[in-house]
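Okay, thanks everyone. Have a look at it first.

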Amino acid sequence: MPDRQPVPLGGAGQAMAELPPEAILRACPGGSASGGSVPSGPGTRPGGASRPPGQRRARDPVAPAWGRRRVLLLNATFEPLTAVPMRRAVVLVMCGKAEVVHGDPGGVELHAATVSLPVPSVIRLSTYVRVPYRAQVPLTRAGLMHRDRHRCAYCGGRAETIDHVVPRSKGGPHSWTNCVACCAKCNHRKADRLLSEIGWRLRVVPRAPHGPHWRLLAHSKEADPLWRPYLGSAA
């Protein structure tokens, strides 16, 4: 749904969509205002200081971090839709298409020449968007770990890998009902044997999850703790 939504044009949204984030926005702890325009050009640095010719510009330690950061996008009904890149979230907020529900816990803000807003972690669309029904949830490592709460299906310890209850060598499918989270020790001990051969039992019968938030979890390697109230509990 949000992947097909066109980028709004005009006003502040167009300006922020056309330039790379590190060129127009910079994170400032504590939310202090930057004031003035961000200097640019081969001979200038932030703050107006110049560098000698031939000297390479130092890499901004902030830009790569939030360049990889993603923001949870909610429907107007607070239903989780997807995770969008930081710049996409900023454009939606600047154009009035969405509002910030939760900002950065550290109070970090993004500043441009004339505007500033808190670094968003969760945003909500201003108008409701109908989402097509999708019955099947793709099986991914992140989704499986969330379903099993990162606990081994055999001993209950911290899960580090995924195991096929019926090994693939014995015809076991790669599916939600045949895959479980597993610790490295149990995975090594079980190897390619059936549970009946070693006398083991599953702590919980694996099932395929249901719900709109599971499609989001299937594509999210690590969810922000502020997302949890909107993603629901593991099935």
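Let's start with a charged pair: Asp 148 and Arg 147 form a salt bridge through their side chains, with N to O at 2.9 Å. Buried or exposed, these two, Asp 148 and Arg 147? Both are buried. And before I go on, please keep in mind that this is a predicted model.

How many salt bridges does the count come to? Three. So let me take you to another one. Asp 163 and Lys 190 meet through their side chains, N to O at 3.4 Å. This pair links distant parts of the chain: Asp 163 sits in strand S8, residues 161–164, while Lys 190 belongs to helix H6, residues 184–190, and they are 27 residues apart. Both Asp 163 and Lys 190 are buried.

Then there's Arg 124 with Glu 99, a salt bridge whose closest N and O atoms are 2.6 Å apart. Where do they sit? Arg 124 is in strand S7, residues 120–125, and Glu 99 is in strand S4, residues 98–103, so the pair ties together parts that are 25 residues apart in sequence. Now the burial. Arg 124 has 18% relative accessibility, and because the cut-off for buried is under 20%, Arg 124 counts as buried. Glu 99 has a relative accessible area of 37%, which makes Glu 99 partly exposed.

That pair brings us to the sheet. Glu 99 stands opposite Arg 124 in S7, and S4 and S7 run antiparallel, joined by five bridges. What is the order of the strands in the open sheet? Reading across, it goes S3-S2-S7-S4, four strands with mixed pairing. S4 and strand S3, which is 80–85, are the edge strands, each pairing on one side only. From one strand to the next, the twist averages 30 degrees.

Which helix packs on the sheet? That would be H4, residues 86–94. Helix H4 touches strand S2 (70–74), S3, S4 and S7, and its direction makes about 110 degrees with that of S3.

Okay, aromatics. In general, you describe a pair of aromatic rings by the distance of the centres and the angle of the planes. Here the count comes to one aromatic pair. The partners are Tyr 154 and Trp 200, at 5.3 Å centre to centre with 50 degrees between the planes, and the pair is tilted. Tyr 154 is in the loop between helix H5 (141–147) and S8, Trp 200 is in the loop between helix H7 (195–198) and helix H8 (212–218), so this pair ties together parts that are 46 residues apart in sequence. With 11% relative accessibility, Tyr 154 counts as buried.

Let me zoom out to finish. The chain has nine helices and nine strands. It has 235 residues, and 36% of them count as buried. If you take the contacts in the chain with a separation of 6 or more, 64% come from residues 24 or more positions apart. As for the surface, the chain exposes about 13,800 Å², and carbon and sulfur atoms supply 52% of that.

That's what I had. Over to you for questions.

Conventions: Residues are numbered from 1 along each chain as its sequence is written. This is a predicted model: local features need pLDDT of at least 70, side-chain atom pairs count only at pLDDT 80 or more; totals for chains, interfaces and linings use all residues. Side-chain values use heavy atoms; hydrogens and water are left out. A salt bridge is a side-chain nitrogen of Lys or Arg within 4 Å of a carboxyl oxygen of Asp or Glu. Helices (H or I, at least four residues) and strands (E, at least two) are DSSP runs, numbered from the N terminus. Buried means under 20% relative accessible area, exposed over 50%, partly exposed in between (1.4 Å probe, protein chains only). Contact means heavy atoms within 4.5 Å. Accessible areas come from the Shrake-Rupley method with a 1.4 Å probe; for residues, only the protein chains shown count as cover. Rings of Phe, Tyr and Trp (its six-membered ring) pair if their centres lie within 6.5 Å; planes under 30 degrees apart count as stacked, over 60 as edge-to-face and the rest as tilted. Two strands pair if DSSP finds at least two bridges between them. Axes are lines fitted to C-alpha atoms, for helices over the stretch in contact, and angles run from 0 to 180 degrees between N-to-C directions.
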